[in-house]
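Welcome! Please take a moment to look over the sequence and the model below before reading on.

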Amino acid sequence: MLQKKICLLGAFSVGKTSLIQRYVNKLFSEKYLTTVGVKIDKKQITVGKTELNLMVWDIAGEDDFTNIRSAHLRGLSGYIVVIDGTRQNSFNVALALHERIKTELGEVAAVFALNKCDLKEQWVINREHIRTLAQLGYPVIETSAKLDQGVEEMFMVLARQLVPKKPEA
Amino acid sequence: MFSTEQLGSETAIHQIPPMDVSKQASEPLDALEQLRVLLLGADYQTLSDLRQQLLDRERYSLHVAEVISEALTLRAQQDNSLSEALSSTIETAVSRSVESNPSRLANALYPVMGPAIRRSIQEVLQQALEAFNYLLEQSLSVRSLIWRFDAWRTGRSYSEVVLLKTLVYQVEQVFLIHRESGLLLQHAVSPQAITKEPELISSMMTAIQDFVRDSFHVTSETSLKNLHLDELTVFFNQGPYAIVAAVVRGSPPAELNTTLAEVNEQIHRQSFFFLKVFQGDTQPFKNSLPLLEGCLKTQLRYKKKFPWLAIAALLIFMGAGGWWSYQYYQQQVLAQQALAVLRAEPGLVVVGFDKTKEGYHYELLKDPQAREPVTLIQSMQSFDSSLKIATKPYLSLEPDFVLARAKQILQAPTEVDLFLEAKTLKVTGKADLLWQQKLEQAWPLIAGIESLDQTELQVADSAAEKIAEHLHNLSMQIEALHFKFDSGSSLISHAEAHAQQVIPLILDLLKTARLAGKMPQVSISGAADETGNEVINERLAKERAVAMHDYLLEKGAPAVVIAVPMPDIGRRDERSIHYQVDLF
């Protein structure tokens, strides 16, 4: 059982909590997010022969008024940046966050999640945006909390990046 | 490390000539050597000697041997790292010693074993006694009853309430947390504590620490020391790579912080490498678990007091046991006594003696003449055990019993005595014929009697005696009667009354005499008084007798009555007749 700290980041109200609500083991309720600024959940996932214990730090959304605390990002092995497909601002925030982490922690495992794909008709994110993201070198996954789509995949893709690649015996 | 004097003397002993070195070296090195000598001068010898010493194992070992004990002592005084470092070595050494020569270690340990075992037994007993005392207290004391009521009232379990009231402090959980990521490395929890999701908690505690640091103006070096609620405190000890956090309920002692610090230091020492390269694998930190568990201390508000209750309970128990054993023994004794009494009693034969659930059971054979066994053992009946007797009838041939039986069967009259001589019944005394006949019929039927001795028995025919007696009475009665005549007369007048008296008597006399096989004769003899002529009186007497005789015959007296012609000389001066009865 490998323990890994991962952070769930994104702009204010992109749907992070809704996304993961049913997939994690919870102890603390949503109010921690707004009071302490972080809510921690646990997700167990198996990659090949390795069992991973993902401690998911759900960090309160960044916007013009609040900055994500650097302290929370310490020691993380990977992160998921969630973007609200219907809001351009969330895309910008995502990019900024990614840069910041790259600066502070270097190259770490990451996944970009394009949420609210059920509202595709309202989407402002286009192929250009997606290409920009893809060029960063990390997987991009479309998700929908409402329709229960893509969340497991989101975790799995990140987890695969976390497991050290050992030659098979 | 080495004193110059020491080295000086060494150099003197070993006597390395300064020029030797330069001669041995090759050309280019020669120059180098010379340069060295020039630069270092006298120190050169010293240095090269030092070098030799370090390279020469033997010499080096000698040096180290001289200081090693002191060095170890010094280090041991400074910290505990020495015992840590040596512990695994010592363990291996001991096991090797045991493998190669177990008796040696056994001999060495032998003097220790005895006291150690005694001590541990003492400890165990002491603990058991105290635990027992505690248990009794908890069950029986007023305080515990109050607590039970409390528990019922508030809906908590009794043990919770006890813990609450008696707890000074308890370290419930200890976390070992990776400082940077907040991930949980190890977790120790005490058995009574409830723990939730330790991994989530450890991450959250890290987040909280960051939150506090960010929220309030503090220096970056500041770390969270403890979180304090009313009864709960979480202590943090921050090390360079890991944090040890302890959750304590109650009021913890001051040493706890020190303990946590020591534990954290030790873990850092042990697992320094793994802490540095931690990438999520917690396996290497398993050996830290014992250290964490060592912190799970509990202290109860529990004074070591003398276990009165337990000792009292034990004494009562032993007393009761002793009492019951005594009772049991007593019962046994009584039962045996009863048995002896029954065995000794004549007419009783004990054929069975068992111990049953209710008590003891005796089976007896009892002769009808024997005493009641139940009354015999009355005094030995005790409160809680009963002595039950079952009897079967039998006939004893003991002399006493045979005699008693004989007496009962024969119903001898009061003047008869019965004796038993060997198997012969001896009958003495007086009895009537009827009884004697009965005796002769009955004696063969008496078990135990083989012959009869009635030589000293006087058999009186009572019937005959009765008859004789009656005759005698009648005679007396008749002879008491008389009839008076007038003076000078032999005429019978007014004699009916007299006749009515006499005649029945005579009739009865006759009848009775016949029964006895005898013949009665009633002689009537007359008498005259003194006056007148003797010859005339004589004739008068005779006439009087004859007259009465005739008169009686006339009135119905039987012919046995005759007159005696002679006068009754015995009577004088009486004008009467008298009777005399004779039996032939």
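This is a predicted model: local features need pLDDT of at least 70, side-chain atom pairs count only at pLDDT 80 or more; totals for chains, interfaces and linings use all residues.

Residues are numbered from 1 along each chain as its sequence is written, while chains are lettered from A and ligands numbered from 1 in the order in which they are written.

**Confidence**
- The model scores ipTM 0.83 and pTM 0.48.
- Within chain B, strand β2 (residues 184–189) has the highest confidence, at 92, and helix α1 (residues 4–14) the lowest, at a mean of 47.
- Residues 6–17 of chain B stay under 50 in pLDDT, and the model gives them nine contacts beyond four places in sequence; here a contact means that the C-beta atoms of two residues, placed from the backbone, lie within 7 Å.
- Residues 20–25 of chain B also stay under 50, with seven contacts beyond four places in sequence.

**Overall build of chain B**
- Chain B holds 19 helices and 17 strands; these are DSSP runs numbered from the N terminus, with helices being H or I of at least four residues and strands E of at least two.
- Among contacts in chain B with a separation of 6 or more, 63% link residues 24 or more positions apart.
- Of the 584 residues in chain B, 22% count as buried, meaning that 20 or more other C-beta atoms, placed from the backbone, lie within 10 Å of the residue's own.

**Where the chains meet**
- On chain B, 21 residues are in contact with 21 residues of chain A.
- Helix α10 (residues 198–215) of chain B supplies the largest share of chain B's side, with 10 residues.

**A hairpin**
- Strands β7 (residues 348–355) and β8 (residues 359–366) of chain B run antiparallel and are joined by seven bridges.
- A hairpin of three residues connects β7(B) to β8(B), and Val350(B) stands opposite Leu364(B) in β8(B).

**A helix to explore**
- Helix α19 (residues 534–555) of chain B has 22 residues and reaches 31 Å from its first C-alpha to its last, close to the 32 Å expected at 1.5 Å a residue; that expected span is 1.5 Å times one less than the number of residues.
- Buried residues of α19(B) include Leu540(B), Arg544(B), Met548(B) and Leu552(B).
- Gly556(B) follows α19(B) and has a positive phi, near 115°.

How values were computed: pLDDT is the predictor's confidence in each residue, from 0 to 100. Two strands pair if DSSP finds at least two bridges between them. A residue is buried if 20 or more other C-beta atoms lie within 10 Å of its own, exposed if 12 or fewer, and partly exposed in between; C-beta atoms are placed from the backbone.
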